[in-house]
Amino acid sequence: MPVDLGKEYPADWQGTPPHAASNDIPLWDRFQAKFGNEFSRFYFDVSLGTPSDVPPGTEDNLSKMWVRITSKRIDVVGVREDVYWIIELRPQAAAGALGTILTYRELWRAAPPDDKPFIGVIVTDVPDPDLLIMAAQQDIKIVVV
């Protein structure tokens, strides 16, 4: 399934990201306050990957919802002039955050919305020391806020 960016938000938008986990919101607020002006726009809850099969007999309006909720979803995609940032918000980030962002990176690579380059980014408050080593080896950017 191709990347579905969804609704576009301006870089200075101050609301709560749609479908954000409550513990991700403080990270987002700090990230946006510090780096938001470096982006032209953001997308939240970006779907990608293969959804689960729709159960037989599901009504059309519910089928669309089923596909959306069973797809993988990137927390935030930030758009800079030259590159997309695929952002995973993760308090006390460790190996699980790396696995998530690597998965998103490969799914994005398989069906990108266009040919603009992209990078994987983990935004966290406290990165596990081993995460820093492994992320560097995988070309994943860590942003501590």
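Modeller: Happy to! A salt bridge here is a side-chain nitrogen of Lys or Arg within 4 Å of a carboxyl oxygen of Asp or Glu. Please keep in mind that this is a predicted model, where local features need pLDDT of at least 70, side-chain atom pairs count only at pLDDT 80 or more, and totals for chains, interfaces and linings use all residues. Residues are numbered from 1 along each chain as its sequence is written, and side-chain values use heavy atoms, with hydrogens and water left out.

Colleague: How many salt bridges does the structure hold?

Modeller: Side chains of opposite charge can pair when their charged atoms come close. In this structure, the number of salt bridges is six.

Colleague: How far apart are the closest N and O atoms of R41 and E8?

Modeller: The pair links distant parts of the chain, 33 residues apart, with R41 in strand β2 (residues 41-48) and E8 in strand β1 (residues 8-10). Strands are DSSP runs (E, at least two residues) and helices are too (H or I, at least four), numbered from the N terminus. In the salt bridge of R41 with E8, the closest N and O atoms are apart by 3.6 Å.

Colleague: Is D45 buried or exposed?

Modeller: D45 forms a salt bridge with R73, with 2.8 Å between the closest N and O atoms. Buried means under 20% relative accessible area, exposed over 50%, and partly exposed in between (1.4 Å probe, protein chains only). R73 has 28% relative accessibility and is partly exposed. Because its relative accessibility is 8%, D45 counts as buried.

Colleague: Why are E106 and R109 separated by about one helical turn?

Modeller: An α-helix has 3.6 residues a turn, so residues three or four places apart point the same way. The side chains of E106 and R109 meet in a salt bridge of 2.5 Å, N to O. They are separated by about one turn because, in helix α3 (residues 95-110), their spacing is three residues.

Colleague: Which residue has a side chain in polar contact with that of E88?

Modeller: E88 lies in strand β4 (residues 84-89) and is buried, at 5% relative accessible area. A polar contact is a pair of N or O atoms within 3.5 Å; within protein, one must be able to donate a hydrogen and the other to accept it, and residues adjacent in sequence count only if both atoms are side-chain atoms. At 2.9 Å, the side chain of E88 makes such a contact with that of R90.
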